[in-house]
Amino acid sequence: SSYSNVDEIVTTHLYLSVTVDFDQKSLYGFTTQTFIALRDTSQIVLDFDSIIIDNVWDSDTNLPLNYQLVTPNPKVGSALTIFLTESNFVYIYIYIL
C-alpha cells in the first residue's frame with residue numbers, strides 16, 4: 001500500500017547525499033529529485049518513514065514550497081505532500097532519524 005500519486009508523477013532523476021554522524025547515531029543530508037507530471041496535478045505525494053523534513057523548495061525559483069506530513073500509519077508509514085508551482089525540479093532537504 002502507498003500514499004504516492006504514481007499515476008500522476010514519475011521520478012526521472014534522484015540524487016541523494018547523506019552524512020553519517022556516528023556520535024549522534026544519525027544520518028542527515030538531502031535529496032534532489034526531478035519529477036515529470038503525467039497529467040495536470042498540483043502536488044507530489046511521497047512515502048516516508050522516520051524522516052524529519054527540514055525544508056522543501058523549488059530549484060528553478062529558489063523559493064520554498066509548502067508541504068505537509070500526514071500522521072504515520074504503522075502499516076504504510078507517512079506521506080509527504082509537496083504543493084507544486086509550475087516547476088518540476090524540487091529540492092528536498094531531509095534529516096533522517
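Buried residues, meaning those under 20% relative accessible area, make up 30% of the 97 residues in the chain. The model is predicted: local features need pLDDT of at least 70, side-chain atom pairs count only at pLDDT 80 or more, and totals for chains, interfaces and linings use all residues. Residues are numbered from 1 along each chain as its sequence is written, and side-chain values use heavy atoms, with hydrogens and water left out.

**Whole chain**

Display the chain as a cartoon. It contains zero helices and eight strands, and from the N terminus on the elements run β-β-β-β-β-β-β-β.

Select residues 9–21, which are strand S1, together with residues 26–37, which are strand S2. Twelve bridges join S1 to S2, and the two strands run antiparallel. Strands are taken as paired if DSSP finds at least two bridges between them. S1 and S2 form a hairpin with four residues between them.

Next, select Lys25, which is placed in the loop between S1 and S2. Its phi is near 55°, a positive value in a residue other than glycine. Lys25 is exposed, with a relative accessible area of 76%.

Now move to Val20, which lies in strand S1. The bridge partner of Val20 in S2 is Leu27. Val20 counts as partly exposed, at 43% relative accessibility.

Strand S1 gives the largest share of the nonpolar patch, three residues.

**The salt bridge**

Select Asp7 and Arg39 and show their side chains. They form a salt bridge, and the closest N and O atoms are 2.8 Å apart. The term requires a side-chain nitrogen of Lys or Arg within 4 Å of a carboxyl oxygen of Asp or Glu, and by this rule the count comes to one salt bridge. The pair links distant parts of the chain, 32 residues apart: Asp7 is in the segment before S1, and Arg39 is in the loop between S2 and S3. Asp7 is partly exposed, with a relative accessible area of 43%; Arg39 is partly exposed as well, with a value of 44%.

Select residues 43–48 for strand S3, residues 67–69 for strand S6 and residues 78–83 for strand S7. These three strands form an open sheet in the order S3-S7-S6, with antiparallel pairing. S3 and S6 stand at the edges, each with a single partner strand, so one side of each is left without a neighbour in the sheet. The twist averages 15° from one strand to the next; axes are lines fitted to C-alpha atoms, for helices over the stretch in contact, and angles run from 0 to 180 degrees between N-to-C directions.

Within this sheet, focus on S3 and S7, which are joined by six bridges.

**The nonpolar core**

Finally, select Ile9, Phe35, Ile44, Leu46, Phe48, Ile53, Val56, Leu65, Leu80 and Ile82, the ten residues of the largest nonpolar core. Such a core is a set of buried Ala, Val, Leu, Ile, Met, Phe, Trp, Tyr and Cys residues joined through side-chain atoms within 4.5 Å. S3, strand S4 (51–58) and S7 each supply at least two residues of this core, and the largest share, three residues, comes from S3.

Phe35 lies in strand S2 and is buried, with a relative accessible area of 1%. Phe35 and Val10 are 25 residues apart in sequence and 5.5 Å apart in space, C-alpha to C-alpha. Ile82 lies in strand S7 and counts as buried at 0% relative accessibility. Between Ile82 and Ile44 there are 5.1 Å in space, C-alpha to C-alpha, and the two are 38 residues apart in sequence.

How values were computed:
Buried < 20%, exposed > 50% of the residue type's maximum accessible area, 1.4 Å probe, protein only.
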